[in-house]
Amino acid sequence: MRLQKRQSPRFSTRQGGRRRAWSAAAAVTAGVLALGGVALVPPAVSGSVAPADAAARPDAVQRALNGLVRDDRMPAALASVKDRSGRVRTYTAGVGDLVTGSKVPRDGQVRIGSNTKTFVAVVVLQLVGEGKIDLDAFVDTYLPGLVRGEGIDGNRITVRQLLQHTSGLPEYGIHLDDAGIRNRYFEPRQLLDLALEHKADAEPGETWGYSNTNYVLAGLIIQRVTGRPLAEEIDRRIIKRIGLRHTYFPTPGDMTIRERHPRGYHRSPEDGPLRDFTKMDPSAGWAAGQLISTNSDLNRFFTALLAGRLLPAAQLAEMRTTVPAGTSGLRYGLGLTSRPLSCGGVYWGHGGDIAGYETRGGVTDDGRAASVAVTSIPTDKKAAQHVNDAVDKALCG
């Protein structure tokens with residue numbers, strides 16, 4: 001996906017230091033209005049809270065979170081880590097509200113951005129296992145005549161290419177303006193139509209290129225095949241099935257975060273001041289990034305997925321078949337990424353950005369799991385790398 005020249009709500013993965021931004025309406029929120037547009041300044045020194053079961057001296061994960069607050073000026077950082085034995089630790093650093101100075105809620109809810117894509121890919125692959133979708137069928141098989149544009153033809157793009165980001169479809173998010181989408185509700189078809197006003201980025205199957213448009217189409221296919229809303233299918237097939245108690249797909253008009261959460265902050269433009277973006281309409285993300293969850297629920301989801309509790313073996317193998325995605329060693333499968341670990345091997349996950357929040361993490365094949373969230377999207381490569389480094393320390397510690 002192309003780099004954005006301006007700051008915009010996004011649900012993204014970063015490849016080789018480049019932010020693969022997927023704009024979603026969430027970018028600018030009513031939180032700015034609630035604060036009267038007053039700029040907020042993050043604390044210069046960490047207000048960290050050590051994990052309840054940690055020794056007096058902070059461990060590597062706590063030190064990493066402290067650094068994200070102290071050095072990278074993140075308002076808050078949260079993490080949940082599960083080791084090989086199943087022992088779980090939760091961590092926080094910073095403050096949950098820059099105005100009141102309140103503590104960061106342990107394992108608080110956050111907007112998880114592009115991690116939503118993995119949930120959507122799982123539902124598609126479940127339907128593949130049920131014989132209702134064919135990965136190598138063309139999009140027109142399920143959405144006849146819908147996908148047409150300059151260099152774009154739904155009779156030449158497969159479902160697999162949508163999930164893998166090799167369709168060549170243009171990104172809709174870079175054409176959304178923060179100020180214009182602050183409180184706006186988008187229908188999925190509006191997002192697709194916006195993308196189709198622009199020419200294809202590449203021929204189908206030619207190259208990997210991150211585009212949120214792919215997952216809007218995947219969501220529409222799910223709805224066409226099942227006859228049910230995407231949110232209901234995710235809830236029935238994943239959330240309730242594996243007991244994710246703090247994960248949900250916001251309903252139309254729901255601009256809040258339901259449970260205890262740290263407030264999210266955003267810079268727009270990137271060199272501007274931090275502003276409160278907690279409250280927002282996330283509909284511009286839809287199947288590409290609308291979910292809300294917690295670090296521990298994300299760990300539970302990715303652990304269940306890799307353990308084969310959500311997909312038959314054949315479909316999980318398809319999901320884990322990857323292509324190179326940038327220059328950082330990251331590879332992309334069907335809604336699932338693999339990233340090398342400093343201690344050897346890889347971890348599987350996704351990651352996501354949306355105005356106010358960034359999440360990174362995943363699980364290893366031997367059962368380790370870690371998820372890290374910060375309450376502002378890093379605006380420079382160094383800070384962005386530090387979030388990934390925190391995940392690496394959690395999984396390699």
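1. A disulfide is taken here as a pair of cysteine sulfur atoms within 2.5 Å. By this rule the count comes to one disulfide. The link joins cysteine 343 to cysteine 396, with an S to S distance of 2.0 Å.

2. Some notes on the basis of the values. This is a predicted model, in which local features need pLDDT of at least 70 and side-chain atom pairs count only at pLDDT 80 or more, while totals for chains, interfaces and linings use all residues. Residues are numbered from 1 along each chain as its sequence is written, and side-chain values use heavy atoms, with hydrogens and water left out.

3. The angle about the S-S bond is -75°, and the link of cysteine 343 and cysteine 396 is left-handed. The pair links distant parts of the chain, 53 residues apart. Cysteine 343 sits in the loop between strand E13 (337-340) and strand E14 (346-349), and cysteine 396 belongs to helix H11 (residues 381-396). Helices (H or I, at least four residues) and strands (E, at least two) are DSSP runs, numbered from the N terminus.

4. Cysteine 343 counts as partly exposed because its relative accessibility is 42%. Cysteine 396 also falls in the partly exposed class, because its value is 24%.

5. Strand E3 (residues 76-82) and strand E4 pair in the antiparallel sense over seven bridges; pairing requires that DSSP finds at least two bridges between two strands. Valine 81 stands opposite arginine 89 in E4. The two strands, E3 and E4, form a hairpin with five residues between them. In the turn, glycine 86 has a positive phi of about 95°. Strand E4 (residues 88-94) is largely enclosed by the rest of the structure, because five of its seven residues are buried.

6. Helix H3 (residues 115-129) has 15 residues and reaches 22 Å from its first C-alpha to its last, close to the 21 Å expected at 1.5 Å a residue. The expected span is 1.5 Å times one less than the number of residues. H3 is mostly covered, with 14 of its 15 residues buried. Glycine 131, whose phi is positive and near 80°, follows H3.

7. Alanine 231 lies in helix H8 (residues 230-239). Alanine 231 counts as partly exposed because its relative accessibility is 28%. The C-alpha atoms of alanine 231 and valine 120 are separated by 9.6 Å, although the residues are 111 apart along the chain.

Conventions. Buried < 20%, exposed > 50% of the residue type's maximum accessible area, 1.4 Å probe, protein only.
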